[in-house]
Amino acid sequence: MTITRQDGFSCLSVERITNGRAEKVEDAVAEEYPLTLIVNGQEWVTLLCTPDSLLELAVGFLVSEGLLRRREDLRDHFLDRERGTVELEVADLPSVYARLRGKRTLTSGCAAGTLFYRVTDVLDIPRVNGSLQVPAADLSQLMAELARQARLFQQTGGVHAVALALPEGVLQVKEDIGRHNAVDKVIGACFLKGLPTEDKILLASGRISSEMLLKAARAGIPLIVSRAAPTALAVRLAREVGVTLVGFARGSRLNVYTYPERILAQREDAQEEDG
């Protein structure tokens, strides 16, 4: 078997069988890479991920966990690709360690994602408000743009794509074998660039589970749109924290599970009242 490694994927020589006939072809397969986060000199967690945007992934993970709130709290960082580590120096970490002790939770995300808070503990997440309203047709266009920019998925079919967007267009696109990792990469990229995430739209190709919902809510994102389904717990948490959750956004159709007032559309109840 021939393996040629490229950025984020490997090209393999495989045998493809079609209608009972076999042939040798080249196939692109997504890479899986272990990245260990070392925070203030202590090993924190190892994430299985796609090996790109690694610093953004590490920073976004800490932002999603509530360990990083301001840019100045990230004092230093060092990425060692050979060792598969990211070392980060974070201000005021000891109090955070005490708060999180005993709360490590395995998630339902791809590649054994990890959280350090309970999914029902949303009291420390401010309610997401904001005046964002988006026409449903614009969401369809944004999802089409996400699909066009998901180049690693187009090559491998083995990753998830996530984007941060305005109604006018996509701002950041990241891909990863883990849905939650892709969210962290987007959040981390925005954090490092000083790009606010409030009053933006999170676009996703995969299922929206509770941990993804909480990551977006902690970043102040009021609207999540996915091509796939949400979980029931994600819907309940979205109601709790004030996030509009949209699923099955395919073509001109979508399902709005919470706070539909953020999605501009002609509603049947309004038509009935007019009649």
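User: Which residues does Lys185 touch, not counting residues up to four places away in sequence?

Analyst: This is a predicted model, in which local features need pLDDT of at least 70, side-chain atom pairs count only at pLDDT 80 or more, and totals for chains, interfaces and linings use all residues. Residues are numbered from 1 along each chain as its sequence is written, and side-chain values use heavy atoms, with hydrogens and water left out. Taking contact as heavy atoms within 4.5 Å, Lys185 touches Thr50, Asp52, Ser53, Glu56, Leu57, Lys174, Glu175 and Asp176.

User: Is Lys185 buried or exposed?

Analyst: Buried means under 20% relative accessible area, exposed over 50%, and partly exposed in between, with a 1.4 Å probe and protein chains only. Lys185 has a relative accessible area of 0% and is therefore buried. Its side chain forms a polar contact of 2.7 Å with that of Asp176 (a pair of N or O atoms within 3.5 Å; within protein, one must be able to donate a hydrogen and the other to accept it, and residues adjacent in sequence count only if both atoms are side-chain atoms).

User: How is the packing of helix H6 and helix H7 described?

Analyst: Two packed helices are described by the angle between their axes and the distance between the axes. Here helix H6 (residues 210-218) packs with helix H7 (residues 232-241) at an angle of about 20 degrees, their axes 8 Å apart. H6 is therefore roughly parallel to H7, a term for angles under 35 degrees. The contact involves Ser210, Leu213, Leu214 and Ala217 of H6, together with Leu233, Ala234, Leu237, Ala238 and Val241 of H7.

How values were computed. Axes are lines fitted to C-alpha atoms, for helices over the stretch in contact, and angles run from 0 to 180 degrees between N-to-C directions. Helices (H or I, at least four residues) and strands (E, at least two) are DSSP runs, numbered from the N terminus. Angles under 35 degrees count as roughly parallel, over 145 as roughly antiparallel, 65 to 115 as roughly perpendicular and the rest as oblique.
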